[in-house]
Amino acid sequence: MKKLVIILTCIAALLLGASAFVDNRREAAIGNHAPSVVIGEGDDAVSLEALKGKWVVLSFWSAADAGSRLGRNQIEAFFRGPGADAAADVEVVSVNFDRSSQLMNEIIKHDNLMGSHHHVASPETMDALRAAFRMDNGLRSFVINPDGELVAADPTPNDLCLLYTSDAADEL
């Protein structure tokens, strides 16, 4: 009987430890280096590694994901606002997951979005990006600091304001 209690206690401890490990890995995205990915193809390709030294706002969105589209529009509005002149050191990378580039272009026109947008057509590439950025429940946006670390997910306009003061940016 004593052996059974010890075995059950060990199994329970292993299960608790394993579930805590999985949760820590999911949470570990913020504070860790952004995955080294190349987004897009050919001349339009953007490497996150090549953007080190700049603040990067990486926005994954699609017309089918209302939250991500709204988030992308809020980022757009922020960078068109009064702080736009100070945005020289901030690179906004927009990554679209719609079923076609034509749909993406219609949404860009409808929402009056500026900047460059990268359409991801391959389901394999979409899955790889979702996994790399731990987007299990919808598309998200991220802020990456000049050292290449993920410092915020789904930034609000207030979070984006912090990009312009070096002391406050550390608070993200």
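This is a predicted model: local features need pLDDT of at least 70, side-chain atom pairs count only at pLDDT 80 or more; totals for chains, interfaces and linings use all residues.
Biologist: What makes β3 and β4 a pair?

Modeller: Pairing takes at least two bridges between the strands. Strand β3 (residues 55-61) and strand β4 (residues 90-96) have seven bridges, in the parallel sense, so they count as paired.

Biologist: And what is the strand order of the open sheet?

Modeller: Five strands line up as β5-β4-β3-β6-β7, with mixed pairing. From one strand to the next, the twist averages 20 degrees.

Biologist: Why are β5 and β7 called edge strands?

Modeller: Each of them, β5 (117-119) and β7, pairs on one side only.

Biologist: Which helices lie across β3, β4 and β5?

Modeller: Helix α2 (residues 66-80) lies across β3, β4, β5 and β6, at about 145 degrees to β3. Helix α3 (residues 101-111) lies across β3, β4 and β5, running at about 155 degrees to β5.

Biologist: Now to a loop. Why is Asn145 called buried?

Modeller: Buried means under 20% relative accessible area. Asn145 comes out at 10%, so it counts as buried. Asn145 sits in the loop between β6 (141-144) and β7 (150-153).

Biologist: What does Asn145 contact, leaving aside its neighbours within four places in sequence?

Modeller: Lys54, Trp55 and Val151. Contact means heavy atoms within 4.5 Å.

Biologist: How much of the chain counts as buried?

Modeller: Of its 172 residues, 35% do.

Key
Residues are numbered from 1 along each chain as its sequence is written. Side-chain values use heavy atoms; hydrogens and water are left out. Buried means under 20% relative accessible area, exposed over 50%, partly exposed in between (1.4 Å probe, protein chains only). Helices (H or I, at least four residues) and strands (E, at least two) are DSSP runs, numbered from the N terminus. Axes are lines fitted to C-alpha atoms, for helices over the stretch in contact, and angles run from 0 to 180 degrees between N-to-C directions.
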